[in-house]
Amino acid sequence: TDGAKDRYFGAALIETVLATSVICIWMMVTSSYGNWEIGLVLAIGLRHWMFQNKAFFERTMPYRKLALIETLVATTSHFVALGLVLCGVGWSVLFIREIFLSIAGLLGIWAIGGLSLRKFKFPSLADWQLLFNEARGMWLDAALENGLARLTILFVGLLGGDRTAGFFFQALRLANLPNQVLSPIVSRVAGTWFGRTENR
């Protein structure tokens, strides 16, 4: 319904602004900010909002368009990063790639008509309670899973240093490749399809 869409849109915008602001304030308090760092946080905040916003478009099942745009943006970002490395750009490539990925992704979603801009309405307390009840199971599951992976990498870093933590992190990413191949079908297509079907 339009009321539910307005509730989700408002909550996603507030969540993004709040999380991005907290990270920026933390960087300023700890004096760990610079132009690249602020740019990275803003890019990741933009990408987070874009993924939330894309859910409105996904309800219409336009996966061919989305797959084309997402693959094109991801592949182009890798080639841009590779080109910059070959041109002698140093560590800042890591930041540039993330910023490019966010901006190009937003433009790509906009180009296929997938960007939903709704009238902003601040969710009421009842709206927040409803959203929390709907999301707490998935959110807690994701928080525990991602938190465990990050804590494991930090623990490996404490035991073996940065180099060992780097190898361990890459090993985890390689081990996760089958999941990355299956995840678009299982978690996105099937999830949206089950959400839309009316046949019990």
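The 19 residues of helix α4 should span 27 Å at 1.5 Å a residue, and the 26 Å between its end C-alpha atoms agrees with that. The expected span used here is 1.5 Å times one less than the number of residues in the helix. Helices (H or I, at least four residues) and strands (E, at least two) are DSSP runs, numbered from the N terminus. The structure is a predicted model, in which local features need pLDDT of at least 70 and side-chain atom pairs count only at pLDDT 80 or more, while totals for chains, interfaces and linings use all residues. Residues are numbered from 1 along each chain as its sequence is written, and side-chain values use heavy atoms, with hydrogens and water left out.

**Overall architecture**

- The protein contains six helices and zero strands, which gives the pattern α-α-α-α-α-α along the sequence.
- Its C-alpha trace spans about 50 × 35 × 35 Å along the principal axes.
- Of the 200 residues, 24% count as buried; buried means under 20% relative accessible area, exposed means over 50%, and partly exposed lies in between (1.4 Å probe, protein chains only).
- Among contacts with a separation of 6 or more, 74% join residues 24 or more positions apart, where contact means heavy atoms within 4.5 Å.

**Surface and charge**

- The accessible surface comes to about 14300 Å², and carbon and sulfur atoms account for 69% of that surface. Accessible areas come from the Shrake-Rupley method with a 1.4 Å probe, and for residues only the protein chains shown count as cover.
- There are 18 positive and 13 negative side chains, and the centres of the two sets lie 5 Å apart. Lys and Arg count as positive and Asp and Glu as negative, whereas His and the chain ends are not counted. Each charge is placed at NZ of Lys, CZ of Arg, CG of Asp or CD of Glu.

**Helix α2**

- Helix α2 covers residues 35-58, 24 residues in total, and its first and last C-alpha atoms are 34 Å apart, close to the 34 Å expected.
- Its buried residues include V41, R47, W49, N53 and E58.
- The buried residues of α2 pack against α1 (2-29), α3 (63-86), α4 (93-111) and α6 (177-196).
- K54, a residue of α2, is buried because its relative accessible area is 7%. Apart from neighbours within four places in sequence, K54 is in contact with L66, E70, I109 and R188. K54 and L115 are 61 residues apart in sequence, and their C-alpha atoms are 6.6 Å apart in space.
- G45 also belongs to α2 and is buried, with a relative accessible area of 9%. Leaving aside neighbours within four places, G45 is in contact with T16 and T20. G45 and G160 are 115 residues apart along the chain, and their C-alpha atoms are separated by 32 Å.

**Helices α3 and α4**

- In α4, the buried residues are V93, F95, L101, S102, A104, G105, G108 and I109, and the elements that cover them include α2 and α3.
- A67 is located in α3 and is partly exposed, with a relative accessible area of 40%. A67 and P184 are 117 residues apart in sequence and 9.3 Å apart from C-alpha to C-alpha.

**The largest nonpolar core**

- A nonpolar core is a set of buried Ala, Val, Leu, Ile, Met, Phe, Trp, Tyr and Cys residues joined through side-chain atoms within 4.5 Å.
- The largest such core has ten residues: M50, F57, Y63, L66, I69, V73, L101, A104, I109 and I112. Helices α2, α3 and α4 each supply at least two residues of this core, and the largest share, four residues, comes from α3.
- One of the core members, I112, touches F57, K65, L66 and I69, not counting residues up to four places away in sequence.

**Backbone angles**

- Most residues other than glycine have a negative phi.
- S31, in the loop between α1 and α2, has a positive phi near 55 degrees. S31 is exposed, with a relative accessible area of 60%.
- M61, in the loop between α2 and α3, has a positive phi near 60 degrees. M61 counts as partly exposed, at 25% relative accessibility.
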